[in-house]
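Here is a friendly note to go with your first look at this structure. Please keep the model open beside you as you read the points below.

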Amino acid sequence: MKVCKVIWSTNRLEYLIPTLKSQRDMLNFEGCEVEGIFIDDMPKGRHDGTMFELAKNFGFTEIFLHQQNMGLPYVWNRTFELLRERDYDYVYLSEDDVTFNCPIRMLDMTQILHDYRNVSQVCLTRQKWYDFEEETQAYETDITLGKYRGELSEAYFWSLASVFPRAIVDLPHAESVGEKNLSEYVVAKSLQQLGMQTCKLKTEEGHNIVNHIGEYSIGKRAEPGDPRYEDFASYDPETKYSSKHGTKWS
């Protein structure tokens, strides 16, 4: 089985390095042929040689260091374009600010996708992050998945830490929902039209499997005309903002 691990970075080494170490130590790719695509989209303050060697040392075979901040929509579109050209079976997609609470096997996650054909993605649940969210917990509506439990959702196609079949990238997501760029919302809305859902994977006790550690974000988030563009239009892409509250980070 061929798997591509993809990571999206914005030159936040204080988060990226723990993320790479945790992925190396806790995500078991046994039984998989693995290649990696690494994309860093924030040249401000970046030492290209250091970033390249870091990605290479953690097993990424294709490394893209953008010389200007292209923005999250571009990264979504470009990632799917790259994956369409390759014959992987599955993709593990991760942002650069997530660490694992427990070991997990790639084969366990791909088995869920094989057994539940209406599931487009297995995403690893994180802790409560925003004020409006509930703590990760067990629900009666969860499905039992061996030593895990899963919560089915149609809301987003999560990019924090997830596994999905490579064939997902072949679908015309943006066109099918009348948008020009991909995003968590656009891909999820497209898949919802096909009757597919995301499986939010939790421990057997209902706890989160990963921790989101990125206290601040940086970089362009949306293009004019994209969903929620107005929410991000006033943000300076080279300024750090609180990931939870949207205020300037200090």
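**A first walk through the model**

1. The largest cavity has a volume of about 40 Å³. The structure holds one cavity of 30 Å³ or more. A cavity is found on a 1 Å grid over the protein atoms alone, as a set of points where a 1.4 Å probe fits but cannot get out; grid points are joined across faces, edges and corners, and the volume is the space filled by probe spheres set on the points.

2. A word on the source: this is a predicted model, in which local features need pLDDT of at least 70 and side-chain atom pairs count only at pLDDT 80 or more, while totals for chains, interfaces and linings use all residues. Residues are numbered from 1 along each chain as its sequence is written, and side-chain values use heavy atoms, with hydrogens and water left out.

3. Which residues line the largest cavity? They are S120, S153, E154, Y156, F157, A188, L191, M196, Q197 and T198, where lining means having an atom within 4 Å of a point. Helix 6 (184-193) and strand 12 (197-203) each supply at least two residues of this lining. Helices (H or I, at least four residues) and strands (E, at least two) are DSSP runs, numbered from the N terminus.

4. One of those lining residues, L191, is also in contact (heavy atoms within 4.5 Å) with L171, as is L194, leaving aside neighbours of L171 within four places in sequence. L171 itself lies in the loop between strand 11 (161-165) and helix 5 (173-177). It counts as partly exposed because its relative accessibility is 28%; buried means under 20% relative accessible area, exposed over 50%, and partly exposed in between (1.4 Å probe, protein chains only). The C-alpha atoms of L171 and R84 are 9.9 Å apart, although 87 residues separate the two along the chain.

5. Now turn to S9 in strand 1 (residues 2-9). Is S9 buried or exposed? With a relative accessible area of 2%, S9 is buried. Its side chain makes a polar contact with the side chain of D40 at 2.5 Å, and also reaches the backbone nitrogen of N11 at 3.2 Å. A polar contact is a pair of N or O atoms within 3.5 Å; within protein, one must be able to donate a hydrogen and the other to accept it, and residues adjacent in sequence count only if both atoms are side-chain atoms. Beyond four places in sequence, the residues touching S9 include L16, F38, M51 and D96.

6. How many aromatic pairs are there? The count comes to 12, taking rings of Phe, Tyr and Trp (its six-membered ring) with centres within 6.5 Å; planes under 30 degrees apart count as stacked, over 60 as edge-to-face and the rest as tilted. Y15 and Y216 form a tilted pair, 5.4 Å centre to centre with 50° between the planes. Y15 lies in helix 1 (residues 13-26) and Y216 in strand 14 (residues 216-217), so the pair ties together parts 201 residues apart in sequence. Y15 is buried at 9% relative accessible area, and Y216 is buried at 4%.

7. The rings of F80 and F164 have centres 6.2 Å apart and planes at 35°, so this pair is tilted. Because F80 lies in helix 3 (residues 72-84) and F164 in strand 11, the pair ties together parts 84 residues apart in sequence.

Notes
On a 1 Å grid over the protein atoms alone, a cavity is a set of points where a 1.4 Å probe fits but cannot get out, and a pocket is an open set with protein on both sides within 12 Å along at least five of seven lines; lining residues have an atom within 4 Å of a point.
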